[in-house]
Amino acid sequence: MMVLEAKPLARKIEASLKDRINSLDRLGKKPKLVAVSYKPDPSAKAYLESQARVARRLGITYEIVEPGQEDEASYIETIQKINDDPSIDGAIIMTPLPEGVSEERVRIALSPVKDVEGVTPQNLGALFYENEFMPPCTAEATLRLAEYYGIDFTGKNTVVVGRSVVVGKPLAMMLLKKSRSATVTVCHTRTKDLTSFTRNADILIVAAGKPGLIKREHVKEGAVVLDVGINAVDCRIVGDVDLESVKDLVSAISPVPGGVGTITTFVLMEHVVKSAEMVIRS
Ligand SMILES: NC(=O)c1ccc[n+]([C@@H]2O[C@H](COP(=O)([O-])OP(=O)(O)OC[C@H]3O[C@@H](n4cnc5c(N)ncnc54)[C@H](OP(=O)(O)O)[C@@H]3O)[C@@H](O)[C@H]2O)c1
């Protein structure tokens with residue numbers, strides 16, 4: 001069984017990012033990422049701080065921007081200021097948003113070029129045209145990790161468990177892209193007999209947020225399993241796949257931690273650098 005460790009790819013992306021950031025620096029441009037978050041709680045703070053550490057290590061300025069109030073108008077005003085500020089190259093919007101604030105309306109307000117999470121309707125819609133200008137970071141990270149290890153999706157029976165806007169749905173569209181040409185099935189909580197789908201998968205991608213959801217009986221012998229889940233269980237981070245029960249069955253599996261999640265942060269930083277390069281070119 002091959003373990004699809006993220007570290008070698010992360011190192012490669014980091015080295016390339018450092019070169020690109022140095023080139024921008026020579027042109028007088030320092031990439032800047034902001035996180036929009038209203039009164040982050042301790043777990044949100046820890047998440048933002050870990051992102052900030054990666055950004056700073058790379059030479060990307062990172063700031064947290066707090067909307068003045070907990071309402072939609074304040075959020076949208078904050079987003080408009082970000083759109084108008086030429087020093088800011090990308091923004092992430094921390095979710096869940098406060099009650100009564102529409103995630104869709106807030107996201108639509110953000111300029112697609114600064115939408116480094118890849119979740120505005122424009123960036124998501126571009127995926128239908130096979131244009132991966134700024135795909136959702138986790139979906140992109142999942143495919144980058146698989147492709148780094150030479151996993152070929154062409155004609156493969158590929159089952160995605162999860163249909164969220166940030167992971168499952170964009171992944172399905174990206175897998176259908178002609179250069180990948182997977183045969184895609186998307187499962188969710190209303191899927192009848194999940195096992196009958198997952199057990200036929202040549203490639204199984206799990207993004208459900210349910211620790212241990214996928215066990216031995218769900219997996220075909222020789223399958224490739226990409227575990228996107230990140231779940232805190234008894235102070236440990238685990239995926240959605242019960243690794244112990246499937247490890248002698250699968251041909252390859254991405255670990256949690258140390259798999260897709262590691263690449264996701266670097267993909268986010270790549271998007272920020274891409275936006276900064278666009279500013280310089282324009
Ligand atoms: N690796 C990374 O960088 C990264 C980044 C983001 C998220 N994540 C992790 O990925 C996981 C998914 O995140 P998300 O934001 O997509 O979560 P989400 O918005 O909660 O969506 C979960 C999806 O999984 C489906 N699902 C849940 N339980 C299921 C079950 N028992 N059987 C079949 N389908 C089931 C849900 O179906 P319904 O639509 O029917 O409810 C939903 O579509 C989480 O563990 C999250 O922490 C990882």
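First, the ground rules. Residues are numbered from 1 along each chain as its sequence is written. The model is predicted, so local features need pLDDT of at least 70 and side-chain atom pairs count only at pLDDT 80 or more, while totals for chains, interfaces and linings use all residues.

Let's start with the overall layout. The domain assignment gives domain 1, residues 28-113, and domain 2, residues 137-262. Those bounds come from an automatic or database domain assignment. The C-alpha centres of domain 1 and domain 2 are 29 Å apart.

Now the ligand. How many residues surround the ligand? There are 27, and the closest are Gly162, Ser164, Thr189, Gly209 and Thr264. A residue is near a molecule if its C-beta atom, placed from the backbone, lies within 6 Å of it. By class, the shell has 12 nonpolar, 12 polar and three charged residues. Here nonpolar means Ala, Val, Leu, Ile, Met, Phe, Trp, Tyr, Cys and Pro; charged means Asp, Glu, Lys and Arg; the others, Gly among them, are polar.

Two helices matter for this shell: helix H6 (137-148) and helix H10 (260-281) each supply at least two of its residues. Helices (H or I, at least four residues) and strands (E, at least two) are DSSP runs, numbered from the N terminus. Which helix gives the most to the shell? H10 does, with three residues.

Stay with H6 for a moment. Its 12 residues, at 1.5 Å a residue, should span 16 Å, and the end C-alpha atoms are 16 Å apart, which agrees. That expected span is 1.5 Å times one less than the number of residues.

Is H6 mostly covered or mostly open? Mostly covered: nine of its 12 residues are buried. Buried means 20 or more other C-beta atoms within 10 Å of the residue's own; exposed means 12 or fewer; partly exposed is in between, and C-beta atoms are placed from the backbone. Among the buried residues of H6 are Cys137, Glu140, Leu143 and Ala146. What covers them? The cover includes helix H1 (7-26), helix H7 (168-176), strand E7 (203-206), strand E8 (224-227) and H10. After H6 comes Gly150, with a positive phi near 75°.

Next, the sheet. Six strands form an open sheet in the order E1-E11-E8-E7-E5-E6, with parallel pairing. Strand E1 (2-3) and strand E6 (183-187) stand at the edges with a single partner strand each, so one side of each has no neighbour in the sheet. Two strands pair if DSSP finds at least two bridges between them.

Look inside that sheet. Strand E5 (residues 157-161) runs parallel to E7, and four bridges join them. Val159 sits in E5, and its bridge partner in E7 is Leu204. Val159 is buried because 26 other C-beta atoms lie within 10 Å. Leaving out residues up to four places away in sequence, Val159 touches Thr185, Cys187, Phe197, Thr198, Ala201 and Leu204. Contact here means C-beta atoms, placed from the backbone, within 7 Å. Val159 and Ile203 are 44 residues apart along the chain, yet their C-alpha atoms are separated by 6.4 Å.

Another strand pair is worth a look. Strand E2 (32-36) runs parallel to strand E3 (residues 61-65), joined by five bridges. Leu33 stands opposite Tyr62 in E3. Four of the five residues of E2 are buried.

Last, the backbone. Most residues other than glycine have a negative phi, and most peptide bonds are trans. Where are the cis bonds? One runs from Thr95 to Pro96, with omega near 0°. Pro96 is in the loop between strand E4 (90-93) and helix H4 (103-109). Another joins Val256 and Pro257, with omega about -5°. Pro257 lies in the loop between strand E11 (252-253) and H10.

Two non-glycine residues have positive phi. Lys39 has phi near 40° and lies in the loop between E2 and helix H2 (42-58). Lys39 counts as exposed because it has 10 C-beta neighbours inside 10 Å. Cys235 has phi near 65°, in the loop between strand E9 (231-233) and strand E10 (236-238). Cys235 is exposed too, with 5 other C-beta atoms within 10 Å.

Definitions and conventions. Two residues are in contact if their C-beta atoms, placed from the backbone, lie within 7 Å.
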